[in-house]
Amino acid sequence: MASATAVSTIALLIRKDGISPSLFSRYWRDVHGVLAARIPGFESYLQFHLDEPMGDVETDLKNTGVPISQSVRFDGVAEVLFNKEQDRAGLATSAVAALIQEDERNVFQTSLLYNLAPGASRTHVDRLGQDGKSAAERPDTASVFLLIGRRAGHAGEETASAIEQILLPMLSDHAAILKLRSHVLISGDPLWWSPAGVQHTHTPDATFDVVVQIVCPDQRRLKACLTEVFSAVGASLFQRIGNIQVCPVRAAYRMVDGGRPTQLGLRGLDVMQTIDALDANNQRQDAVLNCIYGVSAAAS
């Protein structure tokens, strides 16, 4: 459970031109992500790899009046949690962070990092935690991120207020919701993170102020939830926001947990799958990990 002083950093990522989705995922997870897992101060680090748009859902939502945005498509969302603001210094000043910024040009076309204020990231519903498993460890579930932006000529605070007052209560009450989490991006500035060769700005019609994460038991109930909730909120919400992008999550990976890299965060997915295929549990021992990496993994 996050402490009262916890803060988060959210990244919205677009893969580099010419890189396939599969190569992007492999590199971000197994090369870039393994390096990022060594940045000091991380309490947790989650990667969410996004899927192709859900065309049928977007059509249904448009029919209810939802202002669907198709101006830009993100390929990944990263969430890093820090126990306190001072721990976030490693992201800005550590030697590992400098290596990360240099590596970004290999894989990202756009990298928008928002250092959010305390309370800007909130969990509204978490029924997954009842079985001790996080959303990243439940591939049987279905999830999306909603990226929600302001109306032209309006402030991001108006968007955040509309989401808080109208959308989140409706989602919280829906029976299909297993997890509901929100991030108010307007408390952070992505321009502070500016490695050379990577874009850090986007057009006004693709400016997003709030990110909402939704997890449901399966695709059918996820689609029904979105259609039912947006049909119910109607014009009361749509008159106060500018655009919404629906980003399905294809896979989620926990790279850091409890302040230490996970087995995946140390080794990458291919190595972990190879170890699992041979049931080579000795390779999970702290003695082996310390021998190879000089660090123990987070408790599984």
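**Strand 1 and its setting in the predicted model**

**View 1. Strand 1 pairs with strand 4.** Strand 1 and strand 4 (residues 108-115) run antiparallel to each other and are joined by seven bridges; two strands pair if DSSP finds at least two bridges between them. Within strand 4, T110 is the bridge partner of I14. Strands (E, at least two residues) and helices (H or I, at least four) are DSSP runs, numbered from the N terminus. The model is predicted, with local features requiring pLDDT of at least 70 and side-chain atom pairs pLDDT 80 or more, while totals for chains, interfaces and linings use all residues. Residues are numbered from 1 along each chain as its sequence is written, and side-chain values use heavy atoms, without hydrogens and water.

**View 2. Strand 1 pairs with strand 3.** Seven bridges also connect strand 1 with strand 3 (residues 76-82), again in the antiparallel sense. Here V7 lies opposite F82 of strand 3.

**View 3. Strand 1 is mostly covered.** Of the nine residues of strand 1 (residues 7-15), eight are buried, that is, under 20% relative accessible area with a 1.4 Å probe, protein chains only. Across the 300 residues of the protein, 52% count as buried.

View 4. The C-alpha atoms fill a box of roughly 60 × 40 × 40 Å along the principal axes.

Technical notes: Buried < 20%, exposed > 50% of the residue type's maximum accessible area, 1.4 Å probe, protein only.
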